[in-house]
Amino acid sequence: MKKILLALFILPICLNSQILIGDVNFPALIKQGENSLIFNGAGVREKYFMDMYIGALYLKNKSKDPQAIIKSGEPMAIRLHIVSSLISSEKMTTAINEGFKNSTGNNTTPLDSKIKQFKTAFSEKIKVNDVFEMIYDPSKGVCVYKNGKSITIIPGMDFKTALFGIWLCEKPADRELKEKMLGI
């Protein structure tokens, strides 16, 4: 009986818990439809010794295997929390283009229209504390949100694979961030 009472007490705390990365709180759990995605890991994207954003990876089940995550058709999410005023729409677009080239082995042509659609999520001014979420729902595709507002939905496992590859491929946006997202 004590174990049941303890579990009933701890469960709500765990479901509402936050994980502090730098100065930013990330939820331990993201709800995606009927699925619960758990925090896998997070880290800081640095460029020229400056913090740009904090990226977090959420999965149905924790994993340290980047290729299995990239190829998985299960729900998952990446959350980016902007921490630098140096990030602009133009710089983000340039980084996205480079990321997709690295992720696809420089073969973005089959995804050009989907990449163009994805970049619309970053077309408005980007400010410190903006939060972008890319949530993969196998029945819809990649659902992109800015500050909780739905921006676009991009269908297709091909796009999801390339998108998650930006952070998890062999030539990721930031190797240290990749390791932190994988919980290594």
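A polar contact is a pair of N or O atoms within 3.5 Å; within protein, one atom must be able to donate a hydrogen and the other to accept it, and residues adjacent in sequence count only if both atoms are side-chain atoms. The model is predicted, so that local features need pLDDT of at least 70 and side-chain atom pairs count only at pLDDT 80 or more, while totals for chains, interfaces and linings use all residues. Residues are numbered from 1 along each chain as its sequence is written, and side-chain values use heavy atoms, with hydrogens and water left out.

**Stop one: Asp174.** Select Asp174, in the loop between H5 and helix H6 (175–181); helices (H or I, at least four residues) and strands (E, at least two) are DSSP runs, numbered from the N terminus. The side chain of Asp174 reaches the backbone nitrogen of Leu177 at 2.9 Å. Asp174 counts as buried because its relative accessibility is 13%; buried means under 20% relative accessible area, exposed over 50%, and partly exposed in between (1.4 Å probe, protein chains only). Not counting residues up to four places away in sequence, Asp174 touches Val44, Arg45 and Glu46, contact being heavy atoms within 4.5 Å.

**Stop two: the sheet.** Next, display the open sheet of seven strands, whose order is S3-S4-S5-S6-S7-S8-S9 with antiparallel pairing. Strands S3 (29–32) and S9 (149–154) stand at the edges with a single partner strand each, so one side of each has no neighbour in the sheet. Direction ignored, neighbouring strands of this sheet are turned by 25° against each other on average. Two strands pair if DSSP finds at least two bridges between them.

**Stop three: strand S7.** Select residues 131–137, strand S7, which six bridges join to the antiparallel strand S8 (residues 141–146). S7 and S8 form a hairpin with three residues between them. Across this pairing, Met134 stands opposite Val144, and Glu133 stands opposite Tyr145. Strand S6 (residues 76–82) also pairs with S7 in the antiparallel sense over six bridges, with Ala77 opposite Ile135. Seven of the seven residues of S7 are buried, so the strand is largely enclosed by the rest of the structure. Val131, Glu133, Ile135 and Asp137 lie on one side, and Phe132, Met134 and Tyr136 on the other.

Keep Met134 selected and show its surroundings. Leaving aside neighbours within four places in sequence, its contacts include Met76, Ile78, Phe118, Val142, Leu163 and Trp167. The largest nonpolar core has 36 residues, and those with the most contacts inside it are Phe118, Met134, Leu163 and Trp167. Such a core is a set of buried Ala, Val, Leu, Ile, Met, Phe, Trp, Tyr and Cys residues joined through side-chain atoms within 4.5 Å. Helix H5 (residues 157–168) supplies the largest share of this core, seven residues.

**Stop five: helices H3 and H5.** Finally, select helix H3 (residues 89–103) together with H5: their axes come within 8 Å and cross at roughly 110°. Axes are lines fitted to C-alpha atoms, for helices over the stretch in contact, and angles run from 0 to 180 degrees between N-to-C directions. The contact involves Ile96, Gly99, Phe100 and Ser103 of H3, and residues of H5 including Phe159, Leu163 and Ile166.
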